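Please keep the viewer open as you read.

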Amino acid sequence: MKGPRRRELLVLAREAERRGWWQRNHPDFAQRQRTLIALEARAQRIINFETTVVPGLLQTGEYTRALMTESQAVPPEAVEQHMITRLNRHKVLLRERPPKLHVLIHESALHQMVGGRDVLRRQLEHLLECSAKHNISIRVVANTGGHVGASGAFTLLQQHEGPGVVFLENLTSSLFVEERHEVDVYRDALRNLAARALGEGQSAELIAELARRLDTEASRE
């Protein structure tokens with residue numbers, strides 16, 4: 001491999017050796033996503049907490065597209081390339097030995113009408129299909145008051161050894177937290193959220209009920 005792509009990978013490799021680094025010099029969405037893809041590819045376990053949207057690894061294509069266009073965070077001419085980049089993340093779940101994916105979704109994310117009623121209904125049905133897979137656990141954090149995850153979404157990527165890496169993202173940059181004492185804070189937060197969350201069965205029932213409700217509302221129109 002030669003040229004710009006090789007230089008980019010070398011930069012990412014050097015960054016991966018540093019502790020808690022911002023991708024401040026690389027605000028491009030595609031490059032930030034490639035870094036995340038590389039970390040997910042090495043992970044044995046991925047634990048994701050989301051507050052307002054369905055986790056990226058479990059999004060349908062139409063949901064992702066609607067999220068990008070409705071938020072206006074992506075220029076119209078860049079949506080297709082962003083779609084390709086983001087959906088490449090899903091390949092990690094299609095491997096022969098995929099990582100374990102544990103998802104905690106705040107209930108409010110399931111009510112966000114991204115893409116309209118039909119798009120959201122199909123997204124919820126997709127979550128139910130994913131929850132049936134042996135390596136995927138989906139639990140809903142009920143909307144019952146304040147919680148430790150109120151400051152925003154985050155993902156813990158655990159490898160075979162070490163404390164893991166926490167991934168945080170905003171509109172222009174990403175933060176990869178690797179200091180053990182900081183990772184432990186997020187690990188404790190996940191335990192707290194898991195203790196508040198519905199069980200897998202109850203979560204599936206709630207998601208199914210929301211999907212049925214959307215279907216009923218559509219049939220009445």
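## Helix 7

Helix 7 (200-220) has 21 residues, and its first and last C-alpha atoms lie 31 Å apart, close to the 30 Å expected at 1.5 Å a residue. The expected span is 1.5 Å times one less than the number of residues. Helices here are DSSP runs of H or I with at least four residues, strands are runs of E with at least two, and both are numbered from the N terminus.

Buried residues of helix 7 include Ser203, Leu206, Ile207, Ala208, Leu210, Ala211 and Leu214. Buried means under 20% relative accessible area, exposed means over 50%, and partly exposed is in between, with a 1.4 Å probe and protein chains only. Helix 5 and strand 4 are among the elements that cover these residues.

## Where the model comes from

This is a predicted model, in which local features need pLDDT of at least 70 and side-chain atom pairs count only at pLDDT 80 or more, while totals for chains, interfaces and linings use all residues. Residues are numbered from 1 along each chain as its sequence is written, and side-chain values use heavy atoms, with hydrogens and water left out.

## The chain as a whole

The chain has seven helices and seven strands, in the order α-β-α-β-α-α-β-α-β-β-β-β-α-α along the sequence. Of its 221 residues, 47% are buried. The accessible surface comes to about 11900 Å², and carbon and sulfur atoms hold 49% of that; the areas come from the Shrake-Rupley method with a 1.4 Å probe, and for residues only the protein chains shown count as cover.

Contact means heavy atoms within 4.5 Å. Among contacts between residues at least 6 apart in sequence, 73% join residues at least 24 apart.

Helix 6 (residues 180-196) has 17 residues, which should span 24 Å at 1.5 Å a residue; the end C-alpha atoms are 24 Å apart, so the two values agree. Which residues of helix 6 are buried? They are Val183, Arg187, Ala189, Leu190 and Leu193. These residues cover an arc of only 155° around the axis, so they sit on the same side of helix 6. The arc is taken over the directions from the helix axis to the C-beta atoms.

The face turned away from that buried side carries the exposed residues Arg180, His181, Val185, Arg191 and Ala195. Cover for the buried residues of helix 6 includes strand 2, strand 3, strand 4, strand 5, strand 6 and strand 7 (174-177).

Two strands pair if DSSP finds at least two bridges between them. Strand 2 pairs with strand 3 (residues 100-106) in the parallel sense over six bridges, and Glu50 has Ile105 of strand 3 as a bridge partner. With strand 5 (residues 154-158), strand 2 pairs in the antiparallel sense over five bridges: Arg45 stands opposite Gln158, and Ile46 has Leu157 as a bridge partner.

Strand 5 is mostly covered, with five of its five residues buried. In a regular strand the side chains alternate between the two faces of the sheet. Phe154, Leu156 and Gln158 point one way from strand 5, while Thr155 and Leu157 point the other way. Strand 5 also pairs with strand 6 (residues 165-169), antiparallel over three bridges, and Thr155 has Phe167 as a bridge partner there. Strands 5 and 6 form a hairpin with six residues between them, where Gly162 in the turn has a positive phi of about 90°.

## Nonpolar cores

A nonpolar core is a set of buried Ala, Val, Leu, Ile, Met, Phe, Trp, Tyr and Cys residues joined through side-chain atoms within 4.5 Å. The largest one has 36 residues, and those with the most contacts inside it are Leu58, Tyr63, Leu101, Leu110, Leu124, Leu127 and Ile138. Two or more residues each come from helix 2 (29-42), helix 3 (61-71), strand 3, helix 5 (117-131), strand 4 (136-141), strand 6 and helix 7. Apart from this core lies another, of 15 residues, including Phe49, Leu104, Val141 and Leu190.
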